[in-house]
Amino acid sequence: MNRSDKDRLDKIVKLGCIVADECCGGRVTIHHVRRHGEKRKHSKVIGLCQNHHQDGGHGVAVHAGKKTWRKNYGEEEELLHRTAILLGE
């Protein structure tokens, strides 16, 4: 990871959880958006609070059931696009 990547990730964390609803809780972490075994890219990340990332259980945490999570919060690609807009990209 280069300095530019680190600066961008720091900005994403400062934006807060991209979902931002009543289930939010915990520090904001980086979630890599990828499909079908794609490698992690620092250019394809969103910020999620710990509940929406890993700790919130099925339907709240993306890693507890992606299909339900996407139904509840939208496609990760849409949230990635929203993040880019908020960053002015």
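Contact means that heavy atoms lie within 4.5 Å of each other, and a residue is called buried when its relative accessible area is under 20%, exposed when it is over 50%, and partly exposed in between, with a 1.4 Å probe and protein chains only. The model is predicted, so local features need pLDDT of at least 70 and side-chain atom pairs count only at pLDDT 80 or more, while totals for chains, interfaces and linings use all residues. Residues are numbered from 1 along each chain as its sequence is written, and side-chain values use heavy atoms, with hydrogens and water left out.

**Exercise 1. Describe the overall build of the chain.**

Step 1. Helices (H or I, at least four residues) and strands (E, at least two) are DSSP runs, numbered from the N terminus. The chain has 4 helices and 2 strands, and along the sequence they follow the pattern α-β-β-α-α-α.

Step 2. The radius of gyration, taken over C-alpha atoms, is compared with the globule rule, 2.2 Å times the number of residues to the power 0.38. For this chain the radius is 12 Å, close to the 12 Å that the rule gives for 89 residues, so the chain is as compact as a globular protein of that length.

Step 3. Of the 89 residues, 39% count as buried.

**Exercise 2. Work out how β1 and β2 are arranged.**

Step 1. Two strands pair if DSSP finds at least two bridges between them; here 5 bridges join β1 to β2, and the two run antiparallel.

Step 2. Within this pairing, valine 28 stands opposite cysteine 49 in β2.

Step 3. In β1, 4 of the 5 residues are buried, so this strand is largely enclosed by the rest of the structure.

**Exercise 3. Find which residues touch the most other members of the largest nonpolar core.**

Step 1. A nonpolar core is a set of buried Ala, Val, Leu, Ile, Met, Phe, Trp, Tyr and Cys residues joined through side-chain atoms within 4.5 Å.

Step 2. The largest such core has 13 residues, of which Ile18, Val19, Ile46, Leu48 and Trp69 touch the most other members. β2 (45-49), α3 (66-73) and α4 (76-86) each supply at least two residues of this core, and the largest share, 3 residues, comes from β2.

Step 3. Leaving aside residues up to four places away in sequence, tryptophan 69 touches several residues, among them Val19, Leu48, His52 and Leu79.
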